[in-house]
Amino acid sequence: MENRREAIRGVAGCMVAAAGGAAGMLTWAPYGRRGIFGGFEGESEWNVLLLGLPVMTLGGIAAGIALFALVQGKWRRALGAAALLTALAGFGVAFDVLEGPPLNCGPGC
């Protein structure tokens with residue numbers, strides 16, 4: 001009976017991580033559309049795809065794992081996932097992975 005509970009917990013954890021990854025991709029989509037299809041004069045910023053998508057997807061997975069670990073009461077795992085999420089956020093800010101091309105803001109910008 002214990003093996004069955006452990007298997008159900010494992011499947012639930014995988015589903016939460018997959019849902020977190022999907023949420024990260026959905027969060028990335030508006031930035032990706034603007035960056036890939038261009039904003040100002042049709043310029044494309046491929047770093048949004050090459051860096052932004054993996055960072056947002058991994059961030060969603062890390063957030064899902066942290067949430068799942070918190071629900072189970074496993075504080076060390078939750079802290080590790082939160083540290084990973086913080087590192088990914090720092091990487092995203094440092095490399096400006098969601099910046100995209102400049103928008104046309106009119107004359108005088």
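Predicted model: local features only at pLDDT ≥ 70, side-chain atom pairs only at ≥ 80, totals over all residues.

Trainee: Does L67 count as buried, partly exposed or exposed?

Mentor: Buried means under 20% relative accessible area, exposed over 50%, and partly exposed in between, with a 1.4 Å probe and protein chains only. L67 has a relative accessibility of 53%, so L67 counts as exposed.

Trainee: How many helices and strands does the chain have?

Mentor: Helices (H or I, at least four residues) and strands (E, at least two) are DSSP runs, numbered from the N terminus. The chain has three helices and zero strands, in the order α-α-α from the N terminus. Of its 109 residues, 26% are buried.

Trainee: How does one describe two packed helices?

Mentor: One gives the angle between their axes and the distance between the axes. The axes are lines fitted to C-alpha atoms, for helices over the stretch in contact, and angles run from 0 to 180 degrees between N-to-C directions. Here the axes of α1 (residues 2–36) and α2 (residues 47–72) come within 7 Å and cross at roughly 150°. That makes α1 roughly antiparallel to α2, a label for angles over 145 degrees.

Trainee: Is the crossing of α1 and α2 left-handed or right-handed?

Mentor: A crossing is left-handed if the near helix is turned anticlockwise from the far one by less than a right angle, and right-handed if clockwise. The crossing of α1 and α2 is right-handed. By class, their contact has 14 nonpolar, 12 polar and one charged residues. In this classification, Ala, Val, Leu, Ile, Met, Phe, Trp, Tyr, Cys and Pro are nonpolar, Asp, Glu, Lys and Arg are charged, and the others, Gly among them, are polar.

Trainee: Which residues does T57 touch, not counting those up to four places away in sequence?

Mentor: Contact means heavy atoms within 4.5 Å. On that basis T57, in helix α2, touches G21 and M25. T57 is buried, with a relative accessible area of 15%.

Trainee: How do the axes of α2 and α3 cross?

Mentor: The axes of α2 and α3 (residues 75–95) come within 8 Å and cross at roughly 160°; the two helices are therefore roughly antiparallel to each other. This crossing of α2 and α3 is left-handed. Residues in α2 including L58, A62 and I65 meet residues in α3 including A81, L85 and L88. The contact of α2 with α3 divides into 18 nonpolar, two polar and one charged residues.

Trainee: With which residues is L51 in contact, leaving aside its neighbours within four places in sequence?

Mentor: L51 is in contact with F91, F95 and V97. The C-alpha atoms of L51 and V97 are 5.7 Å apart, while the two residues are 46 apart along the chain. L51 is found in helix α2 and, at 27% relative accessibility, counts as partly exposed.

Note on methods
Residues numbered from 1 in each chain as written. Heavy atoms only, no water. Parallel < 35°, antiparallel > 145°, perpendicular 65-115°, else oblique.
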